[in-house]
Amino acid sequence: MHGNLTMDGAGNIAVDVRQQIEDLIVDYAHAVDDDRLEEWPEFFTDVCAYRIIDRHSHAKGRVIGIVECSSKGMLQDRILALREANVYEPHVYRHLLSGTRITGEEGGVYTVETSYAVIRTMQEGDMSVFSAGKYVDEVVFEGGRPLFRSRIVVCDSNRIHTLIVIPI
Amino acid sequence: MGFAMATSIKETTTWPNDGVSRVPYQIYTDPEIYAAEQEKIFRGPIWSFVGIEREIPEPGDYQTTYIGDTPVIVLRDLEGEVQVIVNRCAHRGNLVCIAKEGKATELTCVYHNWRYDLQGNLKSVAFGKGIGKKGGMPDDFDTAEHGMQRLRTDTFCGLIFATFSDDVAPLPEFLGDEMRENIERVLGRGMVLLGTYSQYMPNNWKLYMENVRDSYHASILHMFQATFRINRLSMKGGIKLSPDGWHHISYSIAETDKEEEQYDSKKLRAVKDGYTLADPTLVKGWREFDCGTTLAIQSIYPNFVVQQISNSLALRLCLPKGPEECELLWWVLGTDEDTDEQRNIRIKQSNMIGPGGVISMEDGVVGGWVQRGTKRDQDKMTIVEMGGRDVAPSAEGRATEVSIRGFWKGYRECMGI
């Protein structure tokens, strides 16, 4: 693992590791925004967590949020359902990311936080800020590639407008 | 059949001649009808669900919510009694509690410091005697006459209800035996709040409540189970209505106790070929209820829902937010008796419900489509005659709209139209 390679003497994360983690976060957003959703589960480890929960519920330690996936298979099922089963009005997201910071590293698990905003554009042209908040991530390296072991989307609002089918 | 409605409802206070098998589109958009509903339904002869007791366990704990679109405070007073008080200062109408939840020993309006006890009684008024004997309230101002508006309140099975009405029957009677029985079955083991969220929808609140009562759309609109071949055929089910038709339960009962086997794909209906779940633990459950009930969607008139979908337990409250918007509040629940494994199953199954629910997300969007589809044609009507045109107390099978007709029966009785 990279654990012992990533910190310099002052506890700073190595530049190449930081760059790979930031690339992971950016690549993820582009895959979703570009409708390459079949790639979305591949940003995660096989055993993983992907949750969407509002900040108030998250602070209270609620175990159920708006989405609660606990395996890559569940992520794949969500995308297949989006393509084949679910009914909704066509729309796209635009993720705006900012302020990625690596808050810690332990045993090769990097804890990372990134602010996000998602603008949703409906097929008729209506645009709105669909969600804003932060990602709370745990990133690990497998085969030299960074992957999310856990990604918690902590959204500032507890309201979801209409429905959420495309992952944030 | 046809258009029997000569002019608008609000002018004539009549309903289409075809009774509750027809609903005029006007009822989903008209601002005057919306205002009348606030008075005649939400302040009328109904009990509104406002929260769960365990969310305000200690004296002084409070939450703020709404009955219809009227803001209310739900609190536990210093004697430990649950109180529901309109969230409005008797002085200038300011909201007294701003936070969604908190703890207080008294209610104090920040605007002019009018102070109330936790039963809404006015205790004091700032500068009531004036300043330096100048100004102040008139000598005959009586604090006893200027309390906050306290509502009739009752609880059942950990659920808090309140009403503006002096006339509505006591809560147990309003719910009735059959409805109470189902609430107790689902919630009677000690509610544990696992999650809450809100779904905001661009449609009139009644379109969502019709959707809840519409058991006939489920296998048509919601394609997740069919796509992944997890629709179970070996079930019987039906509709129960309260004697007045106002409340309903749509239910399914597994005919065998071999639920596990029914997840075997060979025994399931294949609608589309080729799709299976990568992680089938999503739909894994356990036989939670001895009666074998696998699904029970219950609506308490007008806007409250108790849900059991397999092992997914939840409460929903649909709040009107103007004629063309509504907010659906969700409480996702477990019980005191849950093992860790059962808790985990509930968490997984939560992926099927709510605004991101793979089975039910469509319920959040279809109302908005009806809203847009009907807006321009206020004089036309929707058809509600699947399974007949009457409001029979129970029905076999779920290819029926009888519980929607029950809703409109209650609606007409409250609205007097």
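1. Two strands count as paired if DSSP finds at least two bridges between them. In this predicted model, chain B has an open sheet of 7 strands with antiparallel pairing, in the order β2-β11-β10-β5-β4-β3-β6. Its edge strands are β2 (48-52) and β6 (101-103) of chain B, each of which pairs on one side only. From one strand to the next, the twist averages 30°.

2. Within chain B, strand β5 (residues 82-86) and strand β10 (residues 150-156) pair in the antiparallel sense over 2 bridges. Opposite Val84(B) stands Leu151(B), in β10(B).

3. The largest nonpolar core has 137 residues. Those with the most contacts inside this core are Tyr50(A), Ile168(A), Leu159(B), Leu315(B), Trp408(B) and Tyr411(B). Apart from it lies another core, of 16 residues, including Leu75(B), Cys89(B), Ala104(B) and Trp114(B).

4. Which residues are in contact with Leu315(B), leaving aside its neighbours within four places in sequence? Among them are Phe49(B), Ile52(B), Leu159(B), Leu187(B) and Met191(B). The list also includes Phe304(B), Val305(B) and Val306(B), as well as Leu329(B), Trp330(B), Trp331(B) and Leu333(B).

5. Helix α10 (residues 363-374) of chain B has 12 residues, which at 1.5 Å a residue should span 16 Å. The C-alpha atoms at its ends are 17 Å apart, which agrees. Buried residues of α10(B) are Asp363(B), Gly364(B), Val365(B), Gly367(B), Gly368(B), Gln371(B) and Thr374(B). The elements covering these buried residues include β12 (191-201), α5 (205-213) and α6 (218-221) of chain B.

6. Over all chains, the count comes to 29 aromatic pairs. Phe174(B) and Trp246(B) form an edge-to-face pair, 6.5 Å centre to centre and with 80° between the planes. Phe174(B) lies in helix α3 (residues 171-175) of chain B, and Trp246(B) in the loop between β13 (235-241) and β14 (248-254) of chain B, so the pair ties together parts that are 72 residues apart in sequence. Phe174(B) has a relative accessible area of 9% and is therefore buried; Trp246(B), with a relative accessible area of 9%, is buried.

7. Trp205(B) and Phe407(B) also form an edge-to-face aromatic pair, with 6.0 Å centre to centre and 70° between the planes. Because Trp205(B) lies in helix α5 of chain B and Phe407(B) in helix α11 (residues 402-415) of chain B, this pair ties together parts 202 residues apart in sequence. Both Trp205(B) and Phe407(B) are buried.

8. Ring pairs link a cluster that includes Phe174(B), Trp246(B), Trp205(B) and Phe407(B). Also in this cluster are Trp15(B), Tyr28(B), Phe42(B), Tyr301(B), Trp408(B) and Tyr411(B).

Key:
Residues numbered from 1 in each chain as written. Chains lettered and ligands numbered in written order. Predicted model: local features only at pLDDT ≥ 70, side-chain atom pairs only at ≥ 80, totals over all residues. Heavy atoms only, no water. Core = buried A, V, L, I, M, F, W, Y, C linked by side-chain atoms within 4.5 Å. Buried < 20%, exposed > 50% of the residue type's maximum accessible area, 1.4 Å probe, protein only. Contact = heavy atoms within 4.5 Å. Helix = DSSP H or I, 4+ residues; strand = E, 2+ residues; numbered from the N terminus. Expected span 1.5 Å × (residues − 1). Axes fitted to C-alpha atoms, helices over the stretch in contact; angles between N-to-C directions. Phe/Tyr/Trp six-rings, centres within 6.5 Å; stacked < 30°, edge-to-face > 60°.
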